[in-house]
Amino acid sequence: MINTRKDTAYWDPARKGFVTNYPNFLHWKKLSATEMADTRPLNVYVHTPYCIQQCAYCYYKTINLRGTNKAQRIDQYVDALCREVELATDYYQLQNRPVVSVYFGGGTPSLLNETQLQRVIEAIRRNLNLSDATEFTVEAEPVTITQAKADLLKRLGVNRVSMGVQSFDEGIIKRSNRLDDEKKVLRAIDIVRTMDVAVNIDLMSGLAEETRETWEYSVNRAIESGVQSITVYKTELYTNTPYYKEVRNNTLDLPDDDQELIFMDYAIGELTQADYYPWSFFTFSKCGQYQQKYATSTFLGDDCYAFGTSAFGKLGNYLFQNSNDEQKYMALLAEDQLPVTRGHHLTCLDAMIREVVLGMKLVSFDLRRFQSRYGFKLETLCADTLADLQEKGFITLTEDEIRLTHKGILYGDYSGKSLAKRLMEME
Ligand SMILES: C[S@@+](CC[C@H](N)C(=O)[O-])C[C@H]1O[C@@H](n2cnc3c(N)ncnc32)[C@H](O)[C@@H]1O
Ligand code: SF4
């Protein structure tokens, strides 16, 4: 493509040969005005910052509404969300882009009452183009699920519910400062299963007081529940959590990394034996079906418009985040201003690294797709790192694909981070 003129005389030193454009018109093809409109697929994320508890391990910046007038506070937030949907759609012409998935995350979106859920979902449907959307997920905390809410979500087109369970062991649930118990969790699972939607439950490995027995109990109860998908997160210790304070004060000893590795190894074994196969290193779905569209699409670099305080998304070459101050977020929208307050412009190298480090979460990485998007062969750029990962048993490698092995899945982001590090060295 660079060599638009093959005759060598063109490249000889001379003052003639004015460059008018690149590439020159010989390479141009027929194009109509409509083809230039941005019609690339879009994912939509909607954030609810509220919870009714502060879980001891949780690192999310949430607002605990326990004991307050929830309805009034959330009503004001819903007003702001609906306004943001209108303003951003108009400003970025989002209505031209086919929405492929919608994800309501939190905090706890299932804390919204029926009227509030209906208002937000209708605002999304009214402003954006959801006619091709194949997935609509709502995150839910088991104690907030009622049959009426489940019926409404079903009527409004929700087809995936993701519930935080974390543990089925009563002692661990209490130690985590959650309001659930095993009975309430199983009841909530029964309710969402009547919706005839895909149900995911989150477990956390390495919580306080976890033993081999309690972990095996949780994994097996999760499998017996018959849900379509089970996510297992490694408990990460963050400085903004009650756990962290306790660890620092020597009043809490969390299972160490070696112990947690044994827990995860056990979970992978039991889940695969029960026909739950990993499509990401942390999510296992029944017979390999129900692969989550939202995570797959966003990990592979598709755009995601994110609504709500502190929500972060991606539009073209920009990563952006809304104000993480709930009051400021609402005040900006009350003045008809978009609440975006920080972001990052992705260079071509950033975009490549991002796609590798996020794409490797998906167990299988398509090398030909990467080459067609960036014009480089990852297997050439990272030949030494790939050989090392292969030799140490983290991946298998073919001409077209990098695939995480059992060990690669167990070590989570390690393979993706190793490749990203190699690419960063090229800067
Ligand atoms: C927004 S919450 C899910 C919905 C709801 N708020 C609930 O807890 O039931 C998302 C998930 O993040 C995970 N999570 C929270 N804190 C974590 C931590 N410190 N390490 C790893 N995973 C964590 C939990 O598994 C939780 O279910
Ligand atoms: S785990 Fe869920 S319910 Fe608990 S504090 Fe975090 S977001 Fe809220």
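## A charge over a ring

In this predicted model, Lys 407 lies over the face of Phe 394, at 4.5 Å from the ring centre; a charge is taken to sit over a ring if NZ of Lys or CZ of Arg is within 6 Å of the ring centre and within 35 degrees of the ring normal. The model is a prediction in which local features need pLDDT of at least 70 and side-chain atom pairs count only at pLDDT 80 or more, while totals for chains, interfaces and linings use all residues. Residues are numbered from 1 along each chain as its sequence is written, ligands are numbered from 1 in the order in which they are written, and side-chain values use heavy atoms, with hydrogens and water left out.

## Aromatic pairs

A search of the whole structure finds 21 aromatic pairs, where rings of Phe, Tyr and Trp (its six-membered ring) pair if their centres lie within 6.5 Å, and planes under 30 degrees apart count as stacked, over 60 as edge-to-face and the rest as tilted. One of them joins Tyr 57 and Tyr 243 in an edge-to-face arrangement, 6.3 Å centre to centre with 70 degrees between the planes. Tyr 57 lies in the loop between β2 (50-51) and β3 (63-64) and Tyr 243 in helix α7 (residues 242-248), so this pair ties together parts that are 186 residues apart in sequence.

Both Tyr 57 and Tyr 243 are buried, a term that means under 20% relative accessible area, with exposed over 50% and partly exposed in between (1.4 Å probe, protein chains only). Elsewhere, ring pairs link Tyr 91, Tyr 92, Tyr 305, Phe 307 and Phe 320 into a cluster.

## The shell of ligand 2

Tyr 57 also belongs to the surroundings of ligand 2, together with Cys 51, Gln 53, Cys 55, Cys 58, Thr 62, Gly 107, Thr 108, Glu 141 and Arg 178; a residue is near a molecule if one of its heavy atoms lies within 4 Å of it. By class, this shell has four nonpolar, four polar and two charged residues.

Methods: Nonpolar A, V, L, I, M, F, W, Y, C, P; charged D, E, K, R; others polar. Helix = DSSP H or I, 4+ residues; strand = E, 2+ residues; numbered from the N terminus.
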